[in-house]
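Take a look first, then read on.

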Amino acid sequence: MLDVLLGLSLPGGGKGCLSTLIFHRVTPTPDPLFPGEVHAAAFDEVCRWLRSSFNVLSLADAVQRLRHGELPARALSITFDDGYADNHDVALPILQRYGLPATCFVATGFLDGGCMWNDRVIEAVRLCRHDTLPGIDDLLPGPPPSLRDHAARRRVIDSLLQALKYLPIDQRLARTDALVAAAGVTLPHDLMMSTPQVAALARAGITIGGHTVNHPILARMGDEAAYREIVTGRKVL
């Protein structure tokens with residue numbers, strides 16, 4: 001019955017629909033700060049279901065078939081954004097187990113030890129050993145927020161990400177650096193992929209796509225700056 005319903009809702013041919021599952025991280029175990037995020041066991045379960053219920057295509061193949069009205073019914077592509085190391089270490093073996101193709105979009109400025117601004121915020125709050133986080137009253141007005149448990153830390157993370165997201169890049173980086181210093185932590189250097197890991201994904205048949213250099217909000221940039229971000233990232237890859 002499920003196959004029939006999926007076939008009716010996701011037809012092929014000239015009326016074909018393409019579904020895309022977009023992932024970021026696939027952590028080895030559940031993250032207490034982000035319990036709803038995908039971890040290895042959950043990803044394995046998803047991949048097992050996808051193999052049995054969908055026609056999983058590489059994104060490039062799917063786009064071509066969509067363009068020519070040749071998609072199979074229940075067509076689906078799997079993508080990963082940003083270039084996290086666990087895409088290679090955790091997700092790849094699971095994809096290989098089920099014979100599923102995927103595309104990984106990599107932000108090249110964070111390869112080989114880099115850390116995106118949002119992860120700098122997350123890890124600063126996660127690793128902070130203080131009961132409160134000082135020095136952020138201009139971002140989060142009021143008394144320093146409590147870090148008493150995972151739920152409290154998550155609330156602080158969500159508020160900080162929202163406060164910082166739309167600042168100009170230079171200001172955002174400066175404020176993030178100040179936040180890390182106030183937390184008094186050493187950030188991890190292995191969240192994002194290394195160059196050899198990207199190459200290993202490509203050798204394994206994973207399509208590698210560009211995701212800019214510094215992961216800016218392109219719609220908030222001028223055309224020339226956005227062009228540089230896109231083209232430079234592609235050249236590096």
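Q: What makes up the secondary structure of the chain?
A: There are nine helices and five strands in the chain, and along the sequence they run α-β-α-β-α-β-α-β-α-α-α-α-β-α. A helix here is a DSSP run of H or I with at least four residues, a strand a run of E with at least two, and both are numbered from the N terminus.

Q: How do you know what to trust here, and how are residues counted?
A: This is a predicted model, in which local features need pLDDT of at least 70 and side-chain atom pairs count only at pLDDT 80 or more, while totals for chains, interfaces and linings use all residues. Residues are numbered from 1 along each chain as its sequence is written, and side-chain values use heavy atoms, with hydrogens and water left out.

Q: Why is threonine 108 called buried?
A: Buried means under 20% relative accessible area (over 50% is exposed, in between is partly exposed; 1.4 Å probe, protein chains only). Threonine 108 comes in at 9%, so it counts as buried. It sits in the loop between strand S4 (103-106) and helix H5 (117-127). Setting aside neighbours within four places in sequence, threonine 108 is in contact (heavy atoms within 4.5 Å) with Thr212, Val213, Gly233, Val236 and Leu237.

Q: How much of the chain counts as buried?
A: Of its 237 residues, 41% do.

Q: What makes arginine 74 stand out?
A: Its phi is positive, about 55 degrees, although it is not a glycine. Most residues other than glycine have a negative phi. Arginine 74 lies in the loop between helix H3 (59-67) and strand S3 (75-82).

Q: What is the phi of aspartate 82, and is this residue buried or exposed?
A: Aspartate 82 has a positive phi too, about 95 degrees, and is not a glycine either. This one is found in strand S3. Its relative accessible area is 4%, so aspartate 82 is buried.

Q: Which residues lie nearest the centre of the largest pocket?
A: They are His24, Asp82, Tyr84, Asn118 and Ile122, out of 29 lining residues. On a 1 Å grid over the protein atoms alone, a pocket is an open set of points with protein on both sides within 12 Å along at least five of seven lines, and a lining residue has an atom within 4 Å of a point. The largest pocket has a volume of about 710 Å³, and H5 gives the most to its lining, with six residues.

Q: What makes a cavity something else, and how many of 30 Å³ or more are there?
A: In a cavity, a 1.4 Å probe fits but cannot get out. The structure holds one of 30 Å³ or more. The largest cavity has a volume of about 40 Å³, where volume is the space filled by probe spheres set on grid points joined across faces, edges and corners. Among the residues lining this cavity are Phe80, Cys104 and Ile206, and helix H4 (residues 85-98) gives the most, with four.

Q: Why is H5 called mostly covered?
A: Nine of its eleven residues are buried, including Trp117, Arg120 and Val125. The cover over the buried residues of H5 includes H6 and helix H7 (169-183).
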